[in-house]
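Please keep the sequence and the model in view while reading.

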Amino acid sequence: PALGLPQLYGYCYQDSEDIPDTLTTITELGAPVEMIQLLQTSWEDRFRICLSLGRLLHHLAHSPLGSVTLLDFRPRQFVLVDGELKVTDLDDARVEETPCASSADCILEFPARNFSLPCSAQGWCEGMNEKRNLYNAYRFFFTYLLPHSAPPSLRPLLDSIVNATGELSWGVDETLAQLERVLHLFRSGQYLQNSTAGHRAEYQRLPDSTILQEDYRCWPSYHHGSCLLSVFNLAEAVDVCESHAQCQAFVVTNQTTWTGRQLVFFKTGWSHVVPDPNKTAYVRASG
């Protein structure tokens, strides 16, 4: 399937006396987009949603049919499938660009502001479909999900993406290129350069072991009752533990996130160390 479009599992034609040549499609099941819920998830997962949306908008702007706009662009028109955003309601998709006699006919209107676009020599508003999708992505998704609790070194780049889409100073191609750049910096660990401070403590490695209980809550955590975060490497895990006043140990699991980062439990102590072949515990050395 195309990026951001649901997997088609089947379709059937229906003969109806009222509506001839009707078509029913059956697509994959996804979870509704609940914005309040998303704001409580990790930045990594929220960025995945924005990246998948950027890829979807790029596909719509360069589709075989031409530039496609979604006239009814709201969170309820999308679902989450394996952490990625997909549009489900295509009833209000439009391929034709808006015809115009002059630029006065090319006003892109939104509740908060309007934009004036040029009228091409062929009599079409230039880029109106693409720009409508992009500004809706900004006002419904990017402005809420992109900068919130992001790694500090990535925030300037994320702010520039939000600002540029909010002003429509970038097109879809540049927006996606910058989102892919953020992914590269995050996945490669380059965002950590010049951000890790000297460690104030040493940690003893306890292979094939984990720590029971002794949890504390942190935000945003992948687990409600404990502090479970993703890290790029061991050095970042130590940095996270050092930044939490209550952290005295951490447990590296063999589970990874969609970017390949390891999930780590952070603990208040290590009085309940038990064997576990799938985990490695690190405890703060005394002294």
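In helix H2, the residues Trp43, Glu44, Phe47, Cys50, Leu51, Gly54, Arg55, Leu57 and His58 meet Val172, Asp173, Leu176, Leu179, Glu180, Val182, Leu183 and Phe186 of helix H5. Contact here means heavy atoms within 4.5 Å, and helices (H or I, at least four residues) and strands (E, at least two) are DSSP runs numbered from the N terminus. By class, the contact of H2 with H5 comprises eleven nonpolar, two polar and four charged residues. In this classification Ala, Val, Leu, Ile, Met, Phe, Trp, Tyr, Cys and Pro are nonpolar, Asp, Glu, Lys and Arg are charged, and the others, Gly among them, are polar.

The model is predicted: local features need pLDDT of at least 70, side-chain atom pairs count only at pLDDT 80 or more, and totals for chains, interfaces and linings use all residues. Residues are numbered from 1 along each chain as its sequence is written, and side-chain values use heavy atoms, with hydrogens and water left out.

Two packed helices are described by the angle between their axes and the distance between the axes. For H2 and H5 (residues 172–188), the axes come within 9 Å and cross at roughly 150°. Axes are lines fitted to C-alpha atoms, for helices over the stretch in contact, and angles run from 0 to 180 degrees between N-to-C directions. The crossing of H2 and H5 is left-handed, a term that applies if the near helix is turned anticlockwise from the far one by less than a right angle, whereas clockwise makes a crossing right-handed.

H2 itself covers residues 43–61, and its 19 residues should span 27 Å at 1.5 Å a residue; the C-alpha atoms at its ends are 27 Å apart, which agrees. The expected span is 1.5 Å times one less than the number of residues. Of the 19 residues of H2, 15 are buried, where buried means under 20% relative accessible area, exposed over 50%, and partly exposed in between (1.4 Å probe, protein chains only).

H2 also lies across strands S5 and S6, running at about 40° to S6. These two strands belong to an open sheet of three strands in the order S3-S5-S6, with antiparallel pairing. Its edge strands are S3 (31–32) and S6 (84–87), each of which pairs on one side only. Two strands pair if DSSP finds at least two bridges between them; S5 (residues 78–81) and S6 are joined by four. Within this pairing, Phe78 has Val87 as its bridge partner, and Val79 stands opposite Lys86.

The hairpin of S5 and S6 has two residues between the strands, and Asp82 takes a positive phi near 55° there. Most residues other than glycine have a negative phi, and most peptide bonds are trans. Is Asp82 buried or exposed? Asp82 is exposed, with a relative accessible area of 67%.

Glu214 counts as buried, at 18% relative accessibility.

Leu228 stands opposite Phe265 in S14. S14 (residues 262–267) is mostly covered, with five of its six residues buried.

S14 also pairs with S13 (residues 249–256), again in the antiparallel sense and over five bridges. The bridge partner of Thr256 is Gln262, while that of Ala249 is Lys267. Five residues separate S13 from S14 in their hairpin, and Gly260 in the turn has a positive phi of about 90°.

Of its 287 residues, 47% count as buried. Among contacts with a separation of 6 or more, 65% come from residues 24 or more positions apart.
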